[in-house]
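Student: Could you go through this model with me? I would like to begin with the terms and then take up individual sites.

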Amino acid sequence: MAGEAPRRRIAVVGAGAIGSLFGAFLTLAGEEVWLVNPPGPHLEIIRQQGLRVVPAGGAAVMGGEPVRVVRPRVSSDPAEVGAVDLVLIAVKAYRTREAVRWALPLLGPGTAVLTLQNGLGNAEAIEEAVGAGRVVVGVTSHGAGRPEPGLVVHAGAGPTVIGPWRGAPPAFAGEVAAVLRRAGIEVEVVGAAGVERALWTKLAVNAAINGPGALLRVPNGALVESPSARRLLRSAAREVAAVAGRRGTPVLDPDPAARAEAVARATGPNRCSMLQDVERGRPTEVEAIYGAVVAEAGRLGVPVPTCADLYLLIRALEETRPRQGP
Ligand code: KPL
């Protein structure tokens, strides 16, 4: 990122729950933030009335108020925004390629590109579009929902792990982390190997909760109350951890099944992102989660029967339901 300017120009590509939440944090920290998204009701309401944010209980970063209205800038034209210091990619995994190509006018020579997305394959897709050496990966445990246009609900705070993607200078990740920290976001900076481990650690949780939650159409907490759903969840988490171990990027949790259960309990009332996608008739992140696990497991010869079944079932669900959204 260029220079030492105290106020950074930051573009958030993808104004879903996490993009809107991080955009709100950064706006409150005084940065010049642009939410860059194709036109739609969410952007229009933000343009006219601002973005309403319901903070997680006691989130100091939001000043302890019940609802904050923040006013990031909005645009549906990356060329209008021009080159920024930091681009934060927060689109659904299946849109990464297309969204990053669309967002190329946001890149100047020193622009860092941070992915804050679910699943695998995002950093590779971004690097393909923007070139090597400027991609930073973030794995966040913040939870958020966007229940209606113009509103983001911060469901829970947690650390965000940041590190350089293969070939990016570690200092780049450090600079991005400093920007996020100034916005009150808890960040841990790791090296390239740490990033892969963090990605696989989150993947184990995502694979444990998302497929069962979407298929059974229940909130996360219900998955640990049903003994059979709990078995599915635990088995998926263990399988992902086995693949991660075999590829040399072991998950960070000593007991990945217990960790997935703990996340399901902690986010009990939430409906997981895959269930929200299914309910809205949108594509799911099945490829970036289960597709990626099954492919890597096949390459390494690790059996992943639960993940393979969840992959097929979610694919079948997508193929047989009526489509509503993009
Ligand atoms: O990140 C999530 C998601 O919904 O994608 C989990 C951790 C499963 C919480 O809902």
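Tutor: Contact here means heavy atoms within 4.5 Å. The model is predicted, so local features need pLDDT of at least 70 and side-chain atom pairs count only at pLDDT 80 or more, while totals for chains, interfaces and linings use all residues. Residues are numbered from 1 along each chain as its sequence is written, and side-chain values use heavy atoms, with hydrogens and water left out.

Student: Which residues does Ala144 touch, not counting residues up to four places away in sequence?

Tutor: Ala144 touches Ala17, Ile18, Leu21, Val152, Val153 and Ala155 on that basis. Ala144 and Ser20 are 124 residues apart in sequence, and their C-alpha atoms are 9.0 Å apart in space.

Student: And where is the place of Ala144?

Tutor: Ala144 is in strand β9, residues 143-148. Helices (H or I, at least four residues) and strands (E, at least two) are DSSP runs, numbered from the N terminus. Ala144 has a relative accessible area of 23%, so Ala144 is partly exposed. Buried means under 20% relative accessible area, exposed over 50%, and partly exposed in between, with a 1.4 Å probe and protein chains only.

Student: New topic, Asn118. Why does Asn118 count as buried?

Tutor: Asn118 counts as buried because its relative accessibility is 14%. Asn118 lies in the loop between β7 (107-115) and α5 (122-130).

Student: With which side chains does Asn118 make polar contacts?

Tutor: Another, of 3.4 Å, joins the side chains of Asn118 and Glu285. A polar contact is a pair of N or O atoms within 3.5 Å; within protein, one must be able to donate a hydrogen and the other to accept it, and residues adjacent in sequence count only if both atoms are side-chain atoms. Leaving aside neighbours within four places in sequence, Asn118 is in contact with Ala93, Lys202, Asn206, Ser273, Glu285 and Ala288.

Student: Which residues are around the ligand?

Tutor: They are Asn118, Val205, Asn206, Ile209, Asn210, Asn220, Val263, Cys272 and Ser273. A residue is near a molecule or strand if one of its heavy atoms lies within 4 Å of it.

Student: How far is an oxygen atom of the ligand from the polar side-chain atoms of Asn206, Asn210 and Asn220?

Tutor: For Asn206, a polar side-chain atom lies 3.2 Å from a ligand oxygen atom. For Asn210, an N or O atom in the side chain is 3.2 Å from an oxygen atom of the ligand. For Asn220, the distance from a side-chain N or O atom to an oxygen atom of the ligand is 2.9 Å.

Student: What lines the largest cavity?

Tutor: Val87, Ile89, Val100, Ala103, Leu104, Leu107, Val113 and Val130 line the largest cavity, which has a volume of about 40 Å³. By class, its lining has eight nonpolar, no polar and no charged residues. Ala, Val, Leu, Ile, Met, Phe, Trp, Tyr, Cys and Pro count as nonpolar, Asp, Glu, Lys and Arg as charged, and the others, Gly among them, as polar.

Student: And which residues line the second largest cavity?

Tutor: Its lining consists of Gln117, Asn118, Gly119, Leu199, Lys202, Leu203 and Asn206. Two of these are nonpolar, four polar and one charged. The second largest cavity has a volume of about 30 Å³.

Student: How much space lies in the second largest pocket?

Tutor: The second largest pocket holds about 230 Å³ of space. Of the 15 residues that line it, Ala93, Tyr94, Leu120, Glu287 and Ala288 are the closest to its centre. The largest share of the lining, three residues, comes from α12.

Student: Last one. What is the phi of Arg217?

Tutor: Arg217 has a positive phi of about 60 degrees although it is not a glycine. Most residues other than glycine have a negative phi. Arg217 lies in the loop between α7 (192-216) and α8 (222-225).

Notes:
On a 1 Å grid over the protein atoms alone, a cavity is a set of points where a 1.4 Å probe fits but cannot get out, and a pocket is an open set with protein on both sides within 12 Å along at least five of seven lines; lining residues have an atom within 4 Å of a point. Grid points are joined across faces, edges and corners, and a volume is the space filled by probe spheres set on the points.
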